[in-house]
Amino acid sequence: MARIAVVTGAASGIGEAIARRLAADGDTVVVTDLDGDGAAAVAAEIGGEAATLDVTDSGAFDAVVDGVVERHGRLDVLVNNAGILLHRPDAVERLGAAMLAEMEGAAPPPVQVLSTLSDEAFDATMKVHVYGTFHGVRAALRHMEPARRGWIVNLASIYGLHPSPVTPEYAAAKHAIVGLTRSTGREVAALGIHVNAVAPG
């Protein structure tokens with residue numbers, strides 16, 4: 001039986017590849033992204049549906065998931081892929097200088113990654129990754145728990161398992177996703193609901 005799947009951040013990159021693979025397997029895929037035009041373009045190519053979605057907006061996430069269930073009668077798969085990565089060339093340059101100094105046997109200069117990270121940048125990363133994943137898992141479980149079936153896949157990262165000296169905010173967010181996934185998976189496994197994370201990298 002074809003599954004009904006929702007994929008976030010699916011207008012490009014890993015999310016698009018996931019949406020294309022699910023569609024190739026015969027599933028009905030709802031392609032969601034903050035870039036509504038991009039989501040619509042991918043959906044048109046794979047014969048799916050599209051929705052503009054800001055994953056940091058819990059009400060919007062609920063509305064997308066509820067709408068899918070209203071149209072199709074169920075939600076089988078949710079892939080929480082949406083994410084952002086801050087571009088900090090200054091931090092990369094300082095890290096490179098510190099690594100070079102260490103290789104030459106000199107005292108490395110301060111890298112100053114965390115100490116120069118703004119509240120706004122940290123908040124933005126947490127809201128998209130952690131809150132976005134939480135909003136999706138919660139919205140999906142409200143339908144999957146009564147049905148006693150479903151699959152949720154959260155995109156973590158290798159930096160959710162190992163340190164990331166240039167992106168502490170990203171590593172913190174991905175560690176949080178791993179913890180959320182493990183805790184939720186233990187909670188709902190007995191209901192026949194699978195909650196897993198994958199760690200690209």
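Here, Ala, Val, Leu, Ile, Met, Phe, Trp, Tyr, Cys and Pro count as nonpolar, Asp, Glu, Lys and Arg as charged, and the others, Gly among them, as polar. All views show a predicted model.

**View 1. The largest cavity and its lining, by class.** The lining of the largest cavity holds five polar and four nonpolar residues, with no charged ones. Lining residues are Thr8, Val55, Phe61, Asn80, Asn81, Ala82, Val128, Gly132 and Thr133. The volume of this largest cavity is about 40 Å³. The count of cavities of 30 Å³ or more comes to one.

**View 2. Helix H5 at the largest cavity.** Helix H5 spans residues 119-147. Three residues of the lining come from H5, the largest share.

**View 3. Helices H1 and H2 packed together.** Two packed helices are described by the angle between their axes and the distance between the axes. H1 covers residues 13-24 and H2 covers residues 36-46. Their axes come within 10 Å and cross at roughly 25°. Angles under 35 degrees count as roughly parallel, so H1 is roughly parallel to H2. The crossing of H1 past H2 is right-handed.

**View 4. Side chains and residues at the H1 and H2 contact.** From H1, the contact is made by Glu16, Ala19, Arg20 and Ala23. From H2, Val42, Glu45 and Ile46 take part. By class, the contact of H1 with H2 has four nonpolar residues, three charged and no polar.

Definitions and conventions
Residues numbered from 1 in each chain as written. Predicted model: local features only at pLDDT ≥ 70, side-chain atom pairs only at ≥ 80, totals over all residues. Heavy atoms only, no water. Axes fitted to C-alpha atoms, helices over the stretch in contact; angles between N-to-C directions. Helix = DSSP H or I, 4+ residues; strand = E, 2+ residues; numbered from the N terminus. Parallel < 35°, antiparallel > 145°, perpendicular 65-115°, else oblique. Left-handed = near helix turned anticlockwise from the far one by under 90°. Contact = heavy atoms within 4.5 Å. 1 Å grid on protein atoms, 1.4 Å probe; cavity = no way out; pocket = protein on both sides within 12 Å on 5 of 7 lines; lining within 4 Å. Points joined across faces, edges and corners; volume = space filled by probe spheres on them.
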